[in-house]
Amino acid sequence: MNDHKTGTSTVESVETILTHGGRHPEEQFGFVNTPVYRGSTVLFKTLADLDAQAQRYLYGRAGNPTTESVESVINELEGGYRTKLVPSGLAAITIALMACVKAGDDIMISDSAYEPGRKFADGYLERMGVSVRYYDPHIGAGLTALMQPNTKAVLAESPGSLTFEIQDIAVLAAAAHAGGARLIVDNSWATPLYHRPLALGADIVVHAATKMFVGHSDVMAGTISATQEAWPDVDRVRNLLGFFSSGDDAYLVARGLRTLAIRMKEHQARALDIAAWLEGQAEVEKVLHPALPSHPDHAIWKKNFTGSGSLFGFVLKPAHREAVAAFVDHMRIFGMGYSWGGYESLCLPVLMGKSRTVNPWPNDTNLFRVHIGLEGLDDLKADLAAALGRYSAAR
Ligand SMILES: *Cc1c(COP(=O)(O)O)cnc(C)c1O
């Protein structure tokens with residue numbers, strides 16, 4: 001947390017925060033990295049200490065120096081009051097939603113939000129007496145008309161999962177606040193390096209740290225950052241639910257963060273290069289990348305973001321499932337699997353299914369999502385070019 005850091009302040013560049021934040025070599029015999037703390041019990045010296053409950057650590061579940069080393073970096077980058085590491089990105093979403101509601105309340109979720117968060121809202125919050133409604137990710141100021149007196153949280157994600165709509169966070173925050181609700185933003189795609197929702201008016205920011213923060217496809221983690229006003233509710237819910245992140249996992253998140261700035265730069269440049277190249281390919285109907293001038297939300301992206309991520313989508317000419325198999329089954333470099341953010345490139349054919357209810361997705365056989373990794377650009381293009389050739393021949 002904030003109260004135990006050396007040398008970092010908001011005047012430093014993000015690169016310096018990423019490399020120096022949360023490290024205290026003077027407490028670790030001079031070793032550069034905060035080591036892995038494993039622990040449940042924390043000892044008290046005297047009864048007076050036990051009664052006072054004032055020492056820095058009380059019990060393992062509340063955190064340890066390794067988890068705090070991550071939290072202080074993210075907190076500084078997001079400009080939060082506090083940040084907590086949680087076991088997954090989904091846990092960050094569920095904690096954030098639960099921090100805002102009680103039985104009888106209402107929440108609004110962007111139709112473009114990460115699907116497991118929708119499932120939590122529909123399958124769990126509804127059962128606890130919270131009504132769940134979905135809104136068009138492009139609603140903007142139109143959100144005001146949908147607010148009910150009992151609406152307590154609005155969940156946004158910019159860009160949206162799979163379909164990459166950009167949401168105007170400042171406009172949504174104003175509408176949510178006027179109606180007495182908090183705005184929660186999933187900022188996993190851009191990271192705080194390229195988009196800072198709290199500065200735009202959001203109350204809570206969540207991350208799938210599993211993705212870009214970790215960067216190596218080897219840990220599940222999430223973070224949740226909040227303003228001073230929202231923090232007590234977030235912290236209380238996380239505590240009550242018993243969510244805990246291990247020192248081992250935290251160590252790997254911290255290690256990923258040290259190189260986040262240069263990784264993001266490389267991912268951004270490669271993804272943009274390939275997205276622009278795909279736009280010129282015969283089989284491609286459209287590319288869903290907010291940093292391309294052809295993207296319908298490019299202007300909002302330009303206004304609110306200072307960079308773009310590794311992940312984008314593209315729509316091919318309609319075809320049968322066999323053509324999709326021809327595309328992905330013989331790729332040499334792109335792997336097929338969930339998640340993203342690692343050094344390795346991924347290509348996922350998307351089955352939208354029931355995960356869009358406000359704006360149903362028209363065709364489920366020709367949408368693909370790619371994460372552009374750190375391989376050679378020409379190799380990646382050759383892999384995609386061969387896949388497009390197979391798709392064209394099969395359709
Ligand atoms: C993956 C993802 C999550 C969930 O993160 P996990 O760590 O896999 O639980 C949340 N939001 C977005 C945008 C994601 O891509």
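The ligand takes up the space of the largest pocket, where a pocket is an open set of points on a 1 Å grid over the protein atoms alone, with protein on both sides within 12 Å along at least five of seven lines. This is a predicted model, in which local features need pLDDT of at least 70, side-chain atom pairs count only at pLDDT 80 or more, and totals for chains, interfaces and linings use all residues. Residues are numbered from 1 along each chain as its sequence is written, and side-chain values use heavy atoms, with hydrogens and water left out.

**Around the ligand**

- The ligand is surrounded by 15 residues, each with a heavy atom within 4 Å of it; the closest are Gly89, Leu90, Asp186, Thr210 and Lys211.
- Seven residues of this shell are nonpolar, five are polar and three are charged, with Gly counted as polar.
- Helix 4 (residues 89–100) contributes the most to the shell, with three residues.

**Polar contacts** (N or O atom pairs within 3.5 Å)

- A ligand oxygen lies 2.9 Å from a backbone N or O atom of Leu90.
- The side chain of Lys211 places an N or O atom 2.8 Å from a ligand oxygen.
- For the side chain of Trp340, the corresponding distance to a ligand oxygen is 2.9 Å.
- On its own the ligand has 380 Å² of accessible area, and the protein covers 91% of this (Shrake-Rupley method, 1.4 Å probe).

**Aromatic pairs**

- There are seven aromatic pairs in the structure, with ring centres within 6.5 Å.
- Phe314 belongs to strand 9 (residues 311–316) and Phe327 to helix 13 (residues 321–328), so the pair ties together parts 13 residues apart in sequence; helices (H or I, at least four residues) and strands (E, at least two) are DSSP runs numbered from the N terminus.

Note on methods:
A polar contact is a pair of N or O atoms within 3.5 Å; within protein, one must be able to donate a hydrogen and the other to accept it, and residues adjacent in sequence count only if both atoms are side-chain atoms. On a 1 Å grid over the protein atoms alone, a cavity is a set of points where a 1.4 Å probe fits but cannot get out, and a pocket is an open set with protein on both sides within 12 Å along at least five of seven lines; lining residues have an atom within 4 Å of a point. A molecule sits in a cavity or pocket if more than half of its atoms lie within 2 Å of its grid points. Rings of Phe, Tyr and Trp (its six-membered ring) pair if their centres lie within 6.5 Å; planes under 30 degrees apart count as stacked, over 60 as edge-to-face and the rest as tilted.
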